[in-house]
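User: Please take a close look at a single part of this model. I would like to know how that part is arranged and what surrounds it.

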Amino acid sequence: MSDIGNLIYNRRKELGLTLEEVGNAVGVSKSTVKKWENGFISNMRRDKIEKLAKILEVSPVRLLGIKTKTCLQPNDPQFMKLVNLYNSFNEIGKEKAVERLEELSLVPNYQKSKE
């Protein structure tokens with residue numbers, strides 16, 4: 001499996017989607033989705049990439065395998081997890097959450113390497 005194929009497979013499984021459901025949402029057969037997952041078809045049309053990104057809840061850029069700076073995006077599951085956790089706190093909890101993140105940002109083991 002290619003990196004993109006792994007991404008498609010893993011996101012489909014995480015979301016509990018079948019090959020057929022993804023294929024229907026994108027407008028292709030389930031065998032085409034399976035070929036994408038296995039890396040047998042690597043050149044997807046732009047309209048298919050957009051639809052696939054939408055159903056898999058990832059950015060089209062990520063589906064294309066383009067490396068970007070690691071920033072959380074609103075459609076990223078980690079982003080939603082952080083937002084949901086933050087929103088579950090009262091005002092004091094929200095302040096403490098930000099304090100903890102600020103503390104973590106000072107720990108060298110958690111910082112990005114300078115390249």
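Analyst: A residue is called buried when its relative accessible area is under 20%, exposed when that area is over 50%, and partly exposed in between (1.4 Å probe, protein chains only). The model is predicted, so local features need pLDDT of at least 70 and side-chain atom pairs count only at pLDDT 80 or more, while totals for chains, interfaces and linings use all residues. Residues are numbered from 1 along each chain as its sequence is written, and side-chain values use heavy atoms, with hydrogens and water left out.

Helices are DSSP runs (H or I, at least four residues), numbered from the N terminus. Helix 4 covers residues 46-56, and its buried residues are Lys-48, Ile-49, Leu-52, Ala-53 and Leu-56. Seen down the helix axis, these buried residues fall within an arc of 130° (taken from the directions from the axis to the C-beta atoms), so they line one face of helix 4. Arg-46 and Lys-54, on the other side of the helix, are exposed.

What lies over the buried face? The cover includes helix 1 (3-14), helix 2 (19-26), helix 3 (30-38) and helix 5 (60-63). Leu-56 gives a detailed example, with contact meaning heavy atoms within 4.5 Å. Apart from its neighbours within four places in sequence, Leu-56 is in contact with Ile-8, Arg-11, Arg-12, Leu-15, Leu-17 and Leu-63.

In soluble globular proteins, nonpolar side chains tend to be buried together. A nonpolar core is a set of buried Ala, Val, Leu, Ile, Met, Phe, Trp, Tyr and Cys residues joined through side-chain atoms within 4.5 Å. The largest core in this model has 16 residues, and the members that touch the most others are Ile-8, Trp-36, Leu-52, Leu-56 and Leu-63. At least two residues of this core come from each of helix 1, helix 2, helix 3 and helix 4. Helix 4 supplies the largest share, four residues.

Glu-57 is partly exposed, because its relative accessibility is 42%. Glu-57 also takes part in a salt bridge, that is, a side-chain nitrogen of Lys or Arg within 4 Å of a carboxyl oxygen of Asp or Glu. The partner of Glu-57 is Arg-11, and the closest N and O atoms are 3.8 Å apart. Glu-57 lies in the loop between helix 4 and helix 5, whereas Arg-11 lies in helix 1, so the pair ties together parts that are 46 residues apart in sequence. Arg-11 counts as buried, because its relative accessibility is 4%.

By the same rule, the count comes to ten salt bridges. One of the others joins Glu-37 to Lys-34, with 3.9 Å between the closest N and O atoms. These two residues are three places apart in helix 3, so about one helical turn separates them. Glu-37 is buried at 0% relative accessibility, whereas Lys-34 is partly exposed at 33%.

A further salt bridge joins the side chains of Glu-99 and Arg-100 at 3.7 Å, N to O. Glu-99 is partly exposed at 30%, and Arg-100 is partly exposed at 39%. Both belong to a network of salt bridges that links Lys-96, Glu-99, Arg-100 and Glu-103.
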